[in-house]
Amino acid sequence: MSRTVHLEHERALVAEILIGAATSTDNNSDTVAAGTPVLRLSRIVRDSPETRAAYAAREPVTLPSTPPDVQLVMVRDLLRAPIAGRLVLDPSVMPKAVLVLGQPLFTVSPVCDHPIKFHNLCTTCGQYLAPTDDQPIDAHVAVTHGDANVMVSRAAALEAADTTAARLRADRKLSLVLDLDQTLIHATHDASIGPLLSAYEAANAAQSDRAEGDDAQKNSSPLPPPAVVDAADSSAAAPEAAKSTSPPPLPPPNLNDVYRFRLKDDPSREYYVRLRPYLREFLAGIAKYYELHVYTMGSRTYADCIARIIDPDGLYLNDQRVLSRDESGSVHRKSLERLFPCDQSMVVAVDDRGDVWDWAPGLVRVRPYKYFQSTGDINAPPNSAPGTAAPGPGLAARSPVVTVDRDTELQDLLPKLVELNHRFYGQDSDNSPHDVRIILPDMKRTVLAGCVISFSGLIPKTMPEQRSDLWMLAISFGAKCSLVVDAQTTHLVARAFGTDKSKQALARNLPIISDQWLATSIARWAKQDESQYALSLPPDVDAMRAGTAAVVPTTEAPPGLPAGDFDSLLDDLIGEDGDLFGELDEELDTDEDELDGDDDADEEVESEREPESGDDDGQGMEADASDGGDSLLDDLDFDLAVAPVPDVAPLAAEIPVSRKRPGYGSVQDMGSTPDDANDDTPPLKRARRQ
């Protein structure tokens, strides 16, 4: 019980406060031991034998109203804490304050050592237990899924962790923490799904009604989902459908395992959720080896709805083992310490995102599941992947859902998690690690061991490659990653051929493969055959490896220009008769005429440039007059002739396709031919003529 100390004298002065105790208006207080000095008070008393016996230190005091035969002295009293506990000073207690008889000075409350608190109040004694400066931050930790405000002492948490570990070991199980969105399910609130689902449900009900009169149908298995034919096979399936006399199949898309629901806190919006293929088989199989938990960035009402859809009978997902963003304490990060604050050696997490876990060693990152075409993760952390997106170009003409769902992620994951359990409990030696944070990374590192991977065209330029999901995934599964293609590189994972890295990889004869090779290798925990994921290479790949690829003329339009308009644009620009070059010649003629101020000077210059031919001056002038427009071009031709000509062969060998139109200045057009040997026509006019 708390103890409050009062002033037991008529009047006293606060001489000194000996500890930094907080006032009762503060949230914090000091923890003191029994007998700790708290206050030193000064007071004036009559000097007497009793006073001299009680106080060795006395200071004589004279007051104007004191009789001459009365001696007064000032003495000091030291007040100590009567019990151990948290001490709170009364607000009126401050240095040099005058106190009166019976006034409260401070209160000491026993230290609460009860294990559980709720909203910083002890659930046993009701004492306020806010953290103090001298108390560790983790003195109390949250261990329940449903409410982060219920906290227990670390000693109690350790005891609970030991109890849980003993129970799991007795059952030879581990703990498995599962994400929801795009890991076990895909959800959307796209309003276009509602009418499709209603039509599907109506057709399904009609087909069930037709089967009620058939005894054989009554005793058969439930109605199977309708068959869905790929677009590529639709033409082949059409004749068979025409011959069939049975009722027409349910209209695509196949909305089997799609459910609808509304949230209590958002009743105006309807949600639709699709279960990932093999989910029920996965839960039934994994529950034999793991105790299942749910950890989602969705709200509490959302998490509860999804849990009831996934496990309506509560066989695998206990309501007490579902953690939502409302209790996690963060909308950006997930942490195993939130559920298992003392020991994570028996805990595995499965999620489609690795960044929110900071790529913890106990994490298994799966490929995001996408069924609704216009929707990503509707509960993605802020500033990350979007939820429901606006339909892209052409999406309205396509099915709003995946018509043929070939996802096998959970089917591939189940045996690996079972293997992890067997390895954990199969350690016979005490020296072997009994920790999934060691066993799981060892299992993953064997998948891509020996691979040195470089990426091209897959990671945004604004993101450091070392922080991307592709880089982190490859590293976690045993590969080494490189920013460049060098002698150590073994694989180039690229979006398409044509980048500098792809050309370097081609020169080194390295496999150039799509990112599906990496994704499938990780999903199946086995390195896949690179040849099945090789990117399409240009037809002159052998010449490119040798560095002798020819430049092939093409009429392909430059980027940003419609291909059909390219020829007409060139015709308008150049003209079928070479109008562009004709206009250039006319401008050059005009410039030359302006310079011809002295015919004699021009004649003298031209006579110096013409070779000795035996013609007289009149013939030479007549030649100039007949082709006066070429004289300045000849000057240009002379200047080009004496200038060094760069070697363009190496550059041409690196360019597999020329975007120049044949006949209008391609590399081949500008080259020399045998007929050009005796042709003294200036180059620009020769190009125009060609």
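A salt bridge is defined here as a side-chain nitrogen of Lys or Arg within 4 Å of a carboxyl oxygen of Asp or Glu. The model is predicted, so local features need pLDDT of at least 70 and side-chain atom pairs count only at pLDDT 80 or more, whereas totals for chains, interfaces and linings use all residues. Residues are numbered from 1 along each chain as its sequence is written, and side-chain values use heavy atoms, with hydrogens and water left out.

The structure holds 22 salt bridges. One of them joins D442 and R445, with N to O at 2.4 Å. Both residues lie in helix α11 (residues 436-445), 3 residues apart, so about one helical turn separates them. Helices are DSSP runs of H or I with at least four residues, strands are runs of E with at least two, and both are numbered from the N terminus. D442 is partly exposed at 37% relative accessibility. R445 is also partly exposed, at 42%. Buried means under 20% relative accessible area, exposed over 50%, and partly exposed in between (1.4 Å probe, protein chains only).

D257 pairs with R280 at 3.4 Å, N to O. D257 sits in the loop between α5 (234-243) and β16 (258-263), and R280 in helix α6 (residues 279-286), 23 residues apart. D257 is partly exposed at 27%, as is R280 at 36%.

K501 forms a salt bridge with E465, the closest N and O atoms being 3.7 Å apart. K501 belongs to helix α13 (residues 500-507), while E465 lies 36 residues away in the loop between β22 (452-456) and α12 (469-476). K501 is buried, at 16% relative accessibility. Finally, a network of salt bridges links D179, K334 and D351.
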